[in-house]
Structure formats: C-alpha cells, structure tokens
Amino acid sequence: MTGKTLYDKLWDDHLVTENADGSALLYIDRHLLHEVTSPQAFEGLRLAGRQPWRLDTNLATPDHNVQTTDRSGGVDSIADPISRIQVKTLDENCDSFGITEFKMNDPRQGIVHVVGPEQGATLPGMTVVCGDSHTATHGAFAALAHGIGTSEVEHVLATQCLIAKKMKNMLIRVSGQLGAGVTAKDVVLHIIGVIGTAGGTGYAIEFGGDAIRSISMEGRMTICNMAIEAGARVGLVAVDDKTLDYVKGRPFAPKDEHWEQAVAAWKDLVSDEDAVFDQVVEIAAADIQPQVTWGTSPEMVAPVTAQVPDPAEIADPVKREGTERALRYMGLQPRQKITDIRLDRVFIGSCTNSRIEDLREAAAVVKGHKVASTLKQALVVPGSGLVKMQAEAEGLDKIFIEAGMEWREPGCSMCLAMNPDKLGAGEHCASTSNRNFEGRQGFGGRTHLVSPAMAAAAAIAGHFVDIREISRV
Amino acid sequence: MKKFTLHEGIVAPLDRANVDTDMIIPKQFLKSIKRSGFGPNLFDELRYLDEGQPDQDCSQRPLNPDFVLNKPRYQGCSVLLARKNFGCGSSREHAPWALEDFGIRAIIAPSYADIFFNNSFKNGLLPIILEEDLVDQLFREVEAQEGYQLKIDLEQQCVIKPDGTSLPFEIDAFRKHCLLNGLDDIGLTLEHADAIRAYEQRRRAEAPWMFS
Ligand code: SF4
C-alpha cells in the first residue's frame with residue numbers, strides 16, 4: 001500500500017460515514033463563527049426547532065462590521081444601523097444558544113482567523129470550518145480547514161458534520177532559500193502567479209519544501225490564507241517543532257498529560273515519504289521576488305522590478321480582454337513600471353497580514369521615517385485585541401504614529417469595506433490583504449496586494465519601491 | 001429547498017472569466033440578516049452606474065445600458081451562461097441567494113470555484129459544467145438569436161438546444177437526488193445520528209484533548 005498524504009490522514013481521521021458515490025459525512029472539531037455568514041444559519045436552526053449538536057466546538061467573534069476607531073461605546077456605537085444589527089444579532093444568537101463569543105470590546109476579539117490560532121482553538125489534526133473562505137489559514141497547523149457557506153454553517157451547528165467529497169492532493173514544493181526582503185506573502189503571490197486563481201480548484205494544497213519549513217507559523221498562516229486565491233479551499237503545512245512551539249500554552253490548547261498525548265499523535269501529521277500526490281508543482285525559492293499585484297485578480301501579479309503587462313502581447317483573446325479590462329479599471333498604462341504606481345492609501349492589516357510578526361516587519365521599515373505627504377491615509381489595523389496589546393507593549397504603535405500612520409482597533413477594516421474604512425473611487429491602495437477584486441476595498445477602489453514590509457516602504461515613498469533597496473540604505 | 005426537475009428559460013451571456021463573488025453581490029449588501037431580497041443588487045456594480053446602498057429603492061437608480069442583464073433582449077432570463085472559474089472568491093452564500101432571487105435557476109460554465117459550486121446546490125440553483133468549446137458555441141448562438149432559450153432536464157442530465165440537440169452533463173448522484181426532490185441536507189444527515197455519536201465515542205478515547 002502506498003503512503004498517505006497529510007490530507008488523506010486528516011480526511012480518514014474524520015470520516016463518519018461514506019456513501020458509494022464518494023460523498024461522506026466528515027466530523028467537525030472546531031466551528032468558528034462571525035456576524036456576516038451566521039444570522040441566516042441561526043434563523044434556520046430556530047425555524048426547524050433544532051439545537052446545536054455540540055456547543056463547546058463553536059467559537060464566535062464579530063470582525064467584518066466593527067469600526068476600528070473608538071469603540072468605547074460598545075455595539076451601540078457602530079454608526080451604520082445595518083452593521084449594528086448584524087453584530088447585535090451575533091451577540092443575541094450566541095447568548096441564547098450558549099455559544100462562546102469574544103464580543104466587540106473583549107480584548108480577545110479580532111479577525112476570526114487570527115483569533116482561532118492565537119487562542120489555541122485551532123489545533124493540529126482538527127477539522128476547522130467557518131463561514132468564510134479564508135478559513136484555509138488554519139491549515140498552517142496541519143488542520144483540515146476550509147470555508148463553508150451559510151447552509152453549511154447551519155448544517156455544522158445542527159449535526160457537527162459536513163457533507164463533503166474528497167478533494168485531490170496537490171503538493172507545492174518551495175525549495176531553496178528565500179532572498180532577503182522576500183516574505184511569506186511574496187511566496188504565495190508568486191505561487192498564484194504561477195498556477196493561476198483556478199490552479200488549485202478541486203485540490204487540497206500542501207505547501208512543503210525547505211523554504212516553507214524555514215517560514216514562521218505566522219508566515220505559514222499567510223500562505224495557507226491565500227490558498228483560496230489559488231482556487232484551493234484547503235491549504236496545509238505539515239507539523240514540525242515550530243507548530244508545537246506555537247500551540248503550547250495557549251488558552252484552548254491541551255495541557256499536562258493531554259498535551260503529551262496530543263504531541264505524540266500530532267507528530268504523524270506529515271505526508272508519508274511514499275505518498276502520491278495528484279499534482280506536484282516545484283517552485284525555486286531563489287526565483288521569488290517581492291510581489292505587487294497590478295490587476296483585479298490575485299493572479300495579476302508581478303515582481304516589483306517589472307512592468308505592467310501589455311495586452312497587445314497576449315495571444316489568448318479571453319486573457320487579453322481580461323487584462324485590458326483590468327488595466328482600465330486600475331487606471332494603469334501598458335508597460336508602466338510598477339514602481340511608478342502612485343498611491344493614495346496604505347492598509348496594513350487583514351487575516352493575511354495582521355499578526356504580531358507582520359506588524360514588526362512593517363514597523364522596522366517605517367521606523368524613523370515619515371509617511372509621504374502625497375498619501376491620504378496609512379492605516380495599521382492589528383488582527384486582534386491581543387495582537388494590539390502585544391504591539392503596544394513593544395512600542396510598535398508609537399513607531400507607526402510617529403511616522404504619521406493611524407493605529408486602530410482590531411477587525412477586518414479596509415480588507416473589505418463593510419465598515420467605515422474604505423477606498424474612494426479611483427484611489428490606489430497598497431494593501432496587505434488578500435483580494436484585489438473590483439470594488440473590494442470600496443466602490444471604484446484600486447487594490448495592490450503586497451507584503452507588510454512592501455506596504456510600509458510604499459507608505460514612505462508614496463509609490464511602490466523595491467524593499468531590497470530600502471534595506472540596503 | 002426548491003425542487004429542480006425540468007427548466008426552460010431565456011439565456012443571458014455573461015462574457016467574462018473569473019467572475020468573483022464580490023462582483024455577484026458587493027459586500028455592502030452582506031449586512032442583511034435575511035436570506036432573501038438580494039436580487040435587485042445582483043451584479044450591483046456592473047448593473048448600475050451609481051454606488052448601491054442596502055435598503056435602497058433600486059428602481060430609481062441609473063442602469064448601465066451596456067450590462068448584459070439590462071439589455072431588453074435578455075429580460076426574464078433564467079439561465080446564465082458564463083466563463084471559467086465562475087463564483088471565485090468568498091464563501092458568501094449571498095451569491096447564490098442573489099442569483100436565485102433575481103430569477104436564475106441554472107448556470108452553464110466550463111468551471112466554477114468550489115465553494116460557490118457547493119453553495120448553489122444548497123439553494124436549488126443548478127451549476128452545469130460543459131466543455132469550454134461547447135460553452136463557446138453557446139455564446140455564439142445566444143448572441144446570434146434573440147430570445148434564445150435552453151431546456152434543462154436534470155433527470156436526464158442534459159441541456160437541450162432549440163434545434164433539439166442535447167448536451168449531456170455530469171452531476172454527482174447525491175446532489176442530483178437532493179435537487180430533484182428538494183431535500184434538506186440536515187434532515188438527511190440527522191438520520192445518521194447514531195453513527196455520529198459512535199464516531200464521537202471512538203474519537204473521545206483516541207483523542208481526548210479534542211473533547212476537553
Ligand atoms: S480580513 Fe478580509 S479576508 Fe479576512 S476574514 Fe476579514 S474580510 Fe475576510
């Protein structure tokens with residue numbers, strides 16, 4: 001018998017029943033909830049007179065709609081009445097069903113994908129779901145984690161299971177050493193540039209190779225977070241010492257003899273040597289440069305040293321037209337240098353890049369500098385209340401504020417404009433988030449995805465700059 | 001869930017690849033705590049010339065005359081013809097809700113994003129996969145003939161063209177069964193309650209830390 005991949009192991013460990021046609025009932029160990037995709041699920045539960053199957057696996061926090069400015073007034077201080085109702089609805093549902101929730105002013109509140117790992121609520125070997133596509137983030141812990149829709153949120157609440165079909169296995173192996181100034185964000189943007197936004201559709205992607213091993217847990221989360229931008233619902237990284245060190249001692253993590261038992265089991269959460277993947281993609285770490293997206297899809301990405309593509313040079317008509325449309329929307333000229341793109345705003349935050357390490361990287365770049373006078377705004381939004389406290393303890397907030405940046409309360413913020421943080425029409429933003437779709441950060445807004453260090457450098461220059469040149473100064 | 005058996009309707013061609021869920025239903029409309037009423041905001045940024053707000057009367061807003069769903073010939077359409085990787089992006093079920101509320105019952109495209117594909121079935125919306133060249137051909141036919149309609153026979157798993165040609169498609173047996181009968185997944189899963197409890201018992205012994 002050939003060996004199993006990490007994904008095969010996680011799948012087999014959670015199989016409740018399997019039908020002849022391959023559809024299966026998969027047991028869910030952790031269900032994370034936020035305010036946007038849960039109200040209709042709770043309503044469905046009520047209408048059918050059902051109760052949650054198992055309360056202790058659910059953990060909720062509001063993140064999309066909360067303002068990132070002063071919130072001492074609590075939920076009632078959310079200015080938009082519709083946003084306020086949505087957050088209140090989550091509070092009411094969690095209270096009435098007895099689900100643990102980190103409410104808006106709880107220091108543990110934050111973006112659900114930052115909160116789960118930070119609390120140790122995401123553990124190796126778990127199945128983790130959430131009504132949010134960036135649930136892929138949690139795969140960094142060798143957990144089988146993916147986004148689900150609202151009907152499935154209701155299904156998981158009611159049955160603790162999900163009807164699922166096994167995906168195919170893909171290995172993306174990043175070999176060699178990453179260059180200076182090249183971060184996890186650049187790795188994943190480069191990968192999406194190579195395989196495309198549909199390259200991973202139908203697959204669970206395991207990220208492996210020595211370059212991935214060398215990346216911190218925070219960085220691995222950044223990479224798995226964007227697996228969905230490559231079309232894959234699931235991104236995975238095998239367990240190693242970094243995983244164990246990160247999890248140990250967190251509030252929801254196992255303790256004492258349970259910890260010893262868990263660690264023994266988790267050591268097996270790697271793909272077997274002889275496991276067979278349906279597809280293997282080889283990436284040389286040395287080829288990866290700091291990346292900037294120029295278009296309206298994450299695959300429209302280029303090294304910072306490059307130019308915006310020229311549609312005239314693209315043979316495929318669908319692709320050519322897509323490029324033309326993207327350039328029109330983004331207000332860019334063919335062959336324009338990436339470093340000539342002027343910025344209006346900078347956003348450092350989102351479930352991709354708002355953990356402490358991201359903020360440290362950005363702070364190291366802005367320290368002692370001032371944000372360009374041409375910039376309208378540079379926002380720094382920590383991923384959770386605990387990240388915020390940690391950053392303040394390290395004095396990072398002061399560095400940002402002295403540079404002329406705004407230091408905010410935790411939430412999704414300008415990643416998607418469901419709260420007051422938005423781009424104006426036509427504005428260019430260097431953003432550490434994960435999606436550059438049309439209108440994503442505000443109606444008519446133009447998003448360029450980059451790493452925290454690249455965003456910080458761009459904030460100082462007012463346009464994109466190659467971070468490797470900054471570090472040399 | 002609404003049943004899907006046989007459907008015939010006008011086809012609207014949305015000629016772009018990678019249509020994402022932010023495009024299908026922009027984020028400001030996700031603030032609703034309801035499941036219905038998203039139809040007027042389907043493709044909001046493409047469909048109207050101004051920026052849409054939740055709870056607004058859309059009948060007074062300026063329409064984009066170039067957008068396919070605004071063209072007189074496609075009024076009343078219920079089948080959407082699309083390009084590859086339709087529905088990429090977020091997990092928001094508001095995307096199929098908006099399509100369904102607008103009146104779309106089936107989509108035909110060469111490929112879909114996984115979560116969107118899955119969500120569609122839960123809402124009685126049938127996403128059909130056809131080969132890229134067949135989809136290309138359909139785009140040409142729809143554009144050439146005003147009032148072009150397609151018939152979709154789920155039982156027989158085929159799309160029937162006006163000239164009677166039948167294009168077969170694949171569909172997972174379980175999903176087909178649920179759609180044909182309008183079945184609720186949760187009820188079906190709860191029939192396995194004993195198996196779920198047995199799993200929990202076994203798992204509790206193997207991995208007690210998952211239950212503490
Ligand atoms: S930060 Fe952005 S991508 Fe992440 S959960 Fe929030 S809205 Fe979604």
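Tutor: We can, keeping in mind that this is a predicted model. Cys415(A) lies in the loop of chain A between strand 17 (406–407) and strand 18 (428–431).

Student: Why is Cys415(A) called buried?

Tutor: Buried means under 20% relative accessible area. Cys415(A) has a relative accessible area of 7%, so Cys415(A) is buried.

Student: With which residues is Cys415(A) in contact, leaving aside neighbours within four places in sequence?

Tutor: Phe347(A), Ser350(A), Ser433(A), Asn434(A), Arg440(A) and Gln441(A). Contact requires heavy atoms within 4.5 Å.

Student: What does UniProt list as "binding site"?

Tutor: The unreviewed UniProt entry lists Cys351(A), Cys412(A) and Cys415(A) under that term.

Student: How do you know that these residues gather at one spot?

Tutor: They span 65 residues in sequence, but no two of their C-alpha atoms are more than 8.7 Å apart, so they gather at one spot. The lining of the largest cavity includes Cys351(A), Cys412(A) and Cys415(A). A lining residue must have an atom within 4 Å of a cavity point.

Student: Where is Cys351(A) found, and what makes Cys351(A) buried?

Tutor: Cys351(A) is in the chain A loop between strand 15 (345–348) and helix 12 (356–366). Its relative accessible area is 7%, and the limit for buried is under 20%, so the label applies to Cys351(A). Outside the four places on either side in sequence, Cys351(A) is in contact with Ile111(A), His113(A), Val114(A), His134(A), Asn225(A) and Asn434(A).

Student: Where is Ser354(A), and is Ser354(A) buried or exposed?

Tutor: Ser354(A) is placed in the loop between strand 15 and helix 12 of chain A. Exposed would need over 50% relative accessible area and buried needs under 20%. Ser354(A) has 0%, therefore Ser354(A) is buried.

Student: Which residues does Ser354(A) touch, not counting residues up to four places away in sequence?

Tutor: Ile111(A), Val114(A), Gly349(A), Leu359(A), Val381(A), Pro382(A), Gly383(A) and Val387(A). As for Val153(A), it is 201 residues from Ser354(A) in sequence and 26 Å from Ser354(A) in space, C-alpha to C-alpha.

Student: How is chain A divided into domains?

Tutor: Chain A has domain 1 (8–165 + 241–255), domain 2 (168–240 + 271–287) and domain 3 (291–472). The C-alpha centres of domain 1 and domain 2 of chain A are 24 Å apart. Their contact takes 25 residues from domain 1 of chain A and 23 residues from domain 2 of chain A. About 1900 Å² is buried between domain 1 and domain 2 of chain A, with carbon and sulfur atoms giving 58% of that area.

Student: What makes the pair Asp272(A) and Lys9(A) a salt bridge?

Tutor: A salt bridge needs a side-chain nitrogen of Lys or Arg within 4 Å of a carboxyl oxygen of Asp or Glu. In Asp272(A) and Lys9(A) the closest N and O atoms are 2.9 Å apart, so the pair qualifies. Across the interface of domain 1 and domain 2 of chain A, the rule finds one salt bridge.

Student: How many salt bridges are counted between chain A and chain B?

Tutor: The count between chain A and chain B is six. Asp80(A) and Lys31(B) meet in a salt bridge at 2.5 Å, N to O; the cut-off is 4 Å, so the label holds.

Student: What area do chain A and chain B bury between them?

Tutor: About 5500 Å², 57% of it on carbon and sulfur atoms. In chain A, the residues that lose the most area to chain B are Gln40(A), Trp53(A) and Phe443(A), together 13% of what that side buries. The contact takes 71 residues from chain A and 58 residues from chain B.

Student: Which domains does the assignment give for chain B?

Tutor: Domain 1 (6–181) and domain 2 (183–212). The centres of domain 1 and domain 2 of chain B, taken over C-alpha atoms, are separated by 36 Å. Chain B has eight helices and seven strands, and buried residues make up 59% of its 212 residues.

Notes: Residues are numbered from 1 along each chain as its sequence is written. Chains are lettered from A and ligands numbered from 1 in the order in which they are written. This is a predicted model: local features need pLDDT of at least 70, side-chain atom pairs count only at pLDDT 80 or more; totals for chains, interfaces and linings use all residues. Side-chain values use heavy atoms; hydrogens and water are left out. UniProt positions are given in the numbering used here, feature names are shortened, and annotations may be inferred rather than shown by experiment. On a 1 Å grid over the protein atoms alone, a cavity is a set of points where a 1.4 Å probe fits but cannot get out, and a pocket is an open set with protein on both sides within 12 Å along at least five of seven lines; lining residues have an atom within 4 Å of a point. Helices (H or I, at least four residues) and strands (E, at least two) are DSSP runs, numbered from the N terminus. Buried means under 20% relative accessible area, exposed over 50%, partly exposed in between (1.4 Å probe, protein chains only). Domain bounds come from an automatic or database domain assignment. Buried area is the accessible area (1.4 Å probe) that two parts lose on being put together, summed over both.
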